[in-house]
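What follows is a short tour of one chain. Keep the sequence and the 3D view side by side while reading.

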Amino acid sequence: MTGADPASSPPADDGPGTARSAADGRGRDGSADAAAAAADVDADADLDVDPRFAGATDCHVHLMPGRLMAAIRDALNDAAGWEFPHPTDRAGIERVLGAHGVRRYLALPYAHRPGIARGLNDWVLDAAADSSMAVPFATVHGDDDVGAVVREAFEAGARGLKFQCPVQECGPADPRLDPAFELAAEYDRPILFHAGTAPMFRDSPHVGADRFREFVASYPEVRACSAHMGTFEWEAFVEIARANESVYLDTCFAMATVVGDYVDFDPSVIPDSVFEDLAGRVMYGSDFPNMPHAYVREREGLLDRDLSEGAFEALFRGAAANFLGET
């Protein structure tokens, strides 16, 4: 899970449920899965990749400068006691993802304070320019010169926008971001929001199904994804997606087989019918590399579901292409 604000140290980007510390009585000791996660770092690991997953697009990967990633990890460790064995440099990230059968990934930054988005966007774009796997996204803070920052990023090649709404303290219903949303419509670029209330944002004025619904009503032409299946309000977000073809969901952390060891959520409550009915608009994502568990945990539960061949194809590849406007 990423998304902690290194300045104020609240836990959290991405990952549903109430965060559980490894030290509290409810959590797991994590030793077995930590060892498996550490093994992910080995580029020479002999991984048996399910052919249904091979060539996948991971729609939720964080690629940011090392000092910022370290600060995020420190904040999450302080808050929840989680350890992160995965590499944070681009080459290391891609070595692990490639070994697991991932063909490409959305490289997601976010600006936790004003004044850093331009430099962060440039850094991500430069990193992606040297990669055959990274699809660069951009970000902006609500107190930036929003229109100028976003237009520069789109002109430089950013394929979409990412907002970690509760940490950035700006979200889908924030009028400060209207210039960004208008440019997303103009350039036909998608937006990925942490729009749900998990893991500890029920009181945040920047998230929730109602605010996301406001955005969809105002910008129906913009493809918009709610990360983590919209947890905790997954049922409301699923209904929004059913009613609006521009709305997407990603599986990041919410559908991991070990999610209940870290946060208070059970992925089995989301029925297979959601993946069938919304095939082409539910995207696979992982939160790599800021996740305390082995990468395989993100996909194994999905692959165990009784889904059609078409639903698996859409989940691991097709929905991402749709989201990016490639179809």
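Arg213 is partly exposed, with a relative accessible area of 39%. Here buried means under 20% relative accessible area, exposed over 50%, and partly exposed in between (1.4 Å probe, protein chains only). Asp210 counts as exposed at 55% relative accessibility. The two side chains form a salt bridge, with the closest N and O atoms 2.8 Å apart. A salt bridge is a side-chain nitrogen of Lys or Arg within 4 Å of a carboxyl oxygen of Asp or Glu. Both residues sit in helix α8, three residues apart, about one turn of the helix. Helices (H or I, at least four residues) and strands (E, at least two) are DSSP runs, numbered from the N terminus.

This is a predicted model: local features need pLDDT of at least 70, side-chain atom pairs count only at pLDDT 80 or more, and totals for chains, interfaces and linings use all residues. Residues are numbered from 1 along each chain as its sequence is written, and side-chain values use heavy atoms, with hydrogens and water left out.

**Salt bridges**

The whole structure holds 15 salt bridges.

| Pair | N to O distance | Location |
|---|---|---|
| Arg176 and Asp143 | 2.7 Å | loop α6-α7 and loop β3-α5 |
| Asp188 and Arg223 | 2.8 Å | loop α7-β5 and loop α8-β6 |
| Arg213 and Asp210 | 2.8 Å | both in helix α8 |

Take the pair of Arg176 and Asp143, joined by a salt bridge. Arg176 lies in the loop between α6 (165-168) and α7 (178-187), and Asp143 in the loop between β3 and α5 (146-156), so the pair ties together parts that are 33 residues apart in sequence. Arg176 is partly exposed, at 31% relative accessibility.

Asp188 and Arg223 also meet through their side chains. This pair links distant parts of the chain, 35 residues apart. Asp188 is in the loop between α7 and β5 (191-193); Arg223 is in the loop between α8 (209-218) and β6 (224-226). Asp188 is partly exposed at 43% relative accessibility. Arg223 is buried, at 13%.

Elsewhere, Arg104, Arg159 and Glu326 are linked in a network of salt bridges.

**The three-stranded sheet**

An open sheet has three strands in the order β1-β2-β3, paired in parallel. Two strands pair if DSSP finds at least two bridges between them. β1 (56-62) and β3 (134-136) stand at the edges with a single partner strand each, so one side of each has no neighbour in the sheet. Neighbouring strands are turned by 30° against each other on average, direction ignored. Axes are lines fitted to C-alpha atoms, for helices over the stretch in contact, and angles run from 0 to 180 degrees between N-to-C directions.

β1 and β2 (residues 102-108) run parallel and are joined by five bridges. Val61 has Ala107 of β2 as its bridge partner.

Helix α3 (residues 90-99) lies across β1, β2 and β3, at about 140° to β2. Its buried residues include Gly92, Ile93, Val96 and Leu97. Glu94 of α3 is buried as well. Just after the helix, Gly101 takes a positive phi of about 100°.

**The five-stranded sheet**

A further open sheet has the order β4-β5-β6-β7-β8, again with parallel pairing. β4 (161-163) and β8 (282-283) are the edge strands, each pairing on one side only. β7 (residues 247-250) pairs with β8 over two bridges, in the parallel sense. Asp250 stands opposite Met283 in β8.

Ser204 lies in the loop between β5 and α8. Ser204 is buried, at 13% relative accessibility. The Ser204 side chain reaches the backbone nitrogen of His206 at 3.1 Å.

**Nonpolar cores**

A nonpolar core is a set of buried Ala, Val, Leu, Ile, Met, Phe, Trp, Tyr and Cys residues joined through side-chain atoms within 4.5 Å. Which residues touch the most other members of the largest core? They are Phe163, Phe193 and Phe275, out of 94 residues. Helix α4 (residues 117-129) gives this core its largest share, six residues. Apart from it lies another core of 14 residues, among them Cys59, Leu106, Phe137 and Tyr248.

Contact means heavy atoms within 4.5 Å.

How values were computed:
Polar contact = N/O pair within 3.5 Å; in protein donor to acceptor, adjacent residues only side chain to side chain.
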